[in-house]
Structures are given as structure tokens and as C-alpha cells.
Amino acid sequence: MLVVGHGTRDEAGVAEFGRFVERLRRRMPVDVAGGFIELSPPPLTEAVADLYGSGHRSLAAVPLVLVSAGHGKGDIPGAMARELVRHPGLSYRYGRPLGPHPTLLALLQERLDAVLPGADRTPGTAVLLVGRGSTDPDANAEVHKVARLFWEGRGAAGPDQGHGLLCVEPAFISLARPSVTEGLERCRRLGAHRVVVLPYFLFPGVLPDRVADEARAYGAAHPDVDVRVADVIGDCDGLADVVAERYEEALAGDLRMNCDTCVYRVALPGFEDRVGAPQTPHHHPDDPSAHGHGHGHVHAH
């Protein structure tokens, strides 16, 4: 199993990734290696080299991403194509992104309960689900889908019924709107007196920290709204369950990836120039043979 992360400049996020890979090693009946496509060690090329050096010639690569944006659609396959050239005889199967998945929704519920147990919820409680944000509309739509799935059964029966949620609104911390501030303001205008900001992120990092900072700044400026910030999903058995499922699916299952709204395959209005765009790997500081991003999209995190 090859676990592929995006990478982060946040040391806590790198450490959490490492603990998660160790968790997978303890539970999986196969060798497990993990690496990042950019920003931080260990690099993907090192993880592939470790597995190749142990005699493995067939890998199942699981992208540790929640939505299939440019990283999952292009950057990781581009990096893997480079590894196939470096390692004669190597082949790999590619898993699909982790979410939306019922287990991840349950983990989000646990993070919500940790900062606001159901028994403490009063009428007017809202949730703001904050994703990374992307220039890919398909990826942003997935965050909206997760928000809706999270709300169904937790508030959709009517205001403040079930789990006591007035609404579950989506927002983004970069590259897409609504922003965290705009999302919180929407919740307030819908009648929320308390909002739990639920980061839709796997591990700690610069962007989850920014989510928390912006949420707390809004709360300080609006004392009539009780704003609370939940933790990221984090290293846990539930997340390992989903990754193990994606691994097995890559080997023998029906992947069922949705390509109907992929900007690299379909000429969506405003994104026609993306169709057929070449996909190349990220530059990684620990890979001396990589000398540029080569993106078909823009990083503005």
C-alpha cells in the first residue's frame, strides 16, 4: 500500500501523517509506505523507492485527499508516472478519494459532539462545514454534497429537530466562495445564535489553523453569536477503515469514479481550457530531479 499525501509546512500535520501511516502498518497485512507530493518530507519518491527496494513491483496507491481536485486528478498520477520511469517493471493501481463516505460523516459528527454535545444544543444551532477550496468546480461541489449529507437526518426534518441543527452550510478557506466569514454571516442571517465551525480536513495544517483564526475573529466581532471550532478528522481508526477500503477497492473493486463533471474531460462553462490539459507532478524539495511545479492550475493558498 502506498499512501499519498499532499504535504504541509506545518510540523504537527507532518507528524500526524506519520502516526497515521504507522497505524496502517500495524493493521494492514501488506507493506505500507507513505509520502508527500510536495512541501514536506518524506517525498513520494522515497516511499516508492522503499517499496520497490523491498521487492514490490505492483502497488495500490491511495490518495489521502477528501475530494478529487487537481491533486487527486493530476498531481499524484503525474508523480506516479515519473516513478514508473524511474523503476523498471513497476506498476500501480490508483484508488479514489476518501470522501464523501458514511464513516467520515460519522467522524465529523464525533468532532461536532466533542465541542457541543447534542444535549447542549439549543434552537438556533448551525454548523459551518469548511473545505479547502479549489479552482475545480467539481471538487467544490463535493463539499456542498458533504454538507447536505451531514444535514440529512440531523436537521432536515425541520428547524431544530433531530440533532438540533438549524442548518449545515458549506464554506471554503481558499480559492472559492463563500469564505469562512461569509459562511458565518449566512448562518447568522438564517437565525443561528450558535455556530460550530467544522473543518473538513484530515490533519492539522496551515489552512485548518487559518479556518480557526478567521472563525474566532468573527466570533469576537459578533458577541451575539457563539462561535466554536471543532478539530480536524485526524489520525484515528475510522479514517484507517476508509483508507483500507479504498485500498481493497483499488485492487479488486468497482471504483465508480465520477467523470461527468471533470474539467479535464468535459467542457464546463468557464473551464473549457482545462479539457485535455497535461498533468505533471509537483516539484518536491526532496526530489533533486524535479525542477518545477508544471501545474495546469494555480496555487494561491
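Does Ile37 count as buried or exposed, and at what relative accessibility?

**Figure 1. Ile37 and the chain as a whole.** At 4% relative accessibility, Ile37 counts as buried; buried means under 20% relative accessible area, exposed over 50%, and partly exposed in between, with a 1.4 Å probe and protein chains only. Ile37 is found in the loop between β2 and α2. Its C-alpha atom is separated by 6.9 Å from that of Ile76, although the two residues are 39 apart along the chain. The model is predicted, with residues numbered from 1 along each chain as its sequence is written, and local features need pLDDT of at least 70, side-chain atom pairs count only at pLDDT 80 or more, and totals for chains, interfaces and linings use all residues. Side-chain values use heavy atoms, with hydrogens and water left out. The protein chain has eight helices and eight strands; helices (H or I, at least four residues) and strands (E, at least two) are DSSP runs, numbered from the N terminus. Of its 301 residues, 54% count as buried. Among contacts (heavy atoms within 4.5 Å) between residues at least 6 apart in sequence, 76% join residues at least 24 apart.

**Figure 2. The loop between β2 and α2.** Two further residues of this loop are shown, Leu39 and Pro42. Leu39 is not a glycine, yet its phi is positive, at about 75°. With a relative accessible area of 25%, Leu39 is partly exposed. The peptide bond from Pro41 to Pro42 is cis, and its omega is near 0°.

**Figure 3. The buried side of helix α2.** Helix α2 spans residues 44-53, and its residues Leu44, Thr45, Ala47, Val48, Leu51 and Tyr52 are buried. These residues cover an arc of only 160° around the axis, which puts them on the same side of α2; the arc is that of the directions from the helix axis to the C-beta atoms. The elements that cover them include β1 (2-5), β2 (33-36), β3 (58-63) and α3 (70-86). After α2 comes Gly55, with a positive phi near 100°.

**Figure 4. Helix α2 against helix α3.** The axes of α2 and α3 come within 10 Å and cross at roughly 40°. Axes are lines fitted to C-alpha atoms, for helices over the stretch in contact, and angles run from 0 to 180 degrees between N-to-C directions. This angle makes α2 oblique to α3; angles under 35 degrees count as roughly parallel, over 145 as roughly antiparallel, 65 to 115 as roughly perpendicular and the rest as oblique. The crossing of α2 and α3 is right-handed. A crossing is left-handed if the near helix is turned anticlockwise from the far one by less than a right angle, and right-handed if clockwise. Leu44, Thr45 and Val48 of α2 make the contact with Ala79, Met80, Glu83 and Arg86 of α3. By class, this contact of α2 with α3 has four nonpolar, one polar and two charged residues; Ala, Val, Leu, Ile, Met, Phe, Trp, Tyr, Cys and Pro count as nonpolar, Asp, Glu, Lys and Arg as charged, and the others, Gly among them, as polar.

**Figure 5. Helix α4 against helix α8.** The axes of α4 (residues 102-115) and α8 (residues 237-252) come within 9 Å and cross at roughly 165°. That makes α4 roughly antiparallel to α8. The crossing in which α4 passes α8 is left-handed. Thr103, Leu104 and Leu107 of α4 meet Gly238, Leu239 and Val242 of α8. By class, the contact of α4 with α8 has four nonpolar, two polar and no charged residues.

**Figure 6. Helix α4 against helix α5.** Helix α5 (residues 137-151) packs with α4 at an angle of about 70°, with the axes 10 Å apart. The two helices α4 and α5 are therefore roughly perpendicular to each other, and their crossing is right-handed. The contact is made by Leu105, Leu108, Gln109 and Leu112 of α4 and by Val146, Leu149 and Phe150 of α5.

**Figure 7. Arg246 and its surroundings.** Arg246 has its place in helix α8 and is buried, with a relative accessible area of 2%. Not counting residues up to four places away in sequence, Arg246 touches Val62, Arg96, Pro97, Leu98, Pro100 and His101. Pro100 lies in the loop between β4 (91-94) and α4, and a cis peptide bond with omega of about -5° joins Gly99 to Pro100.
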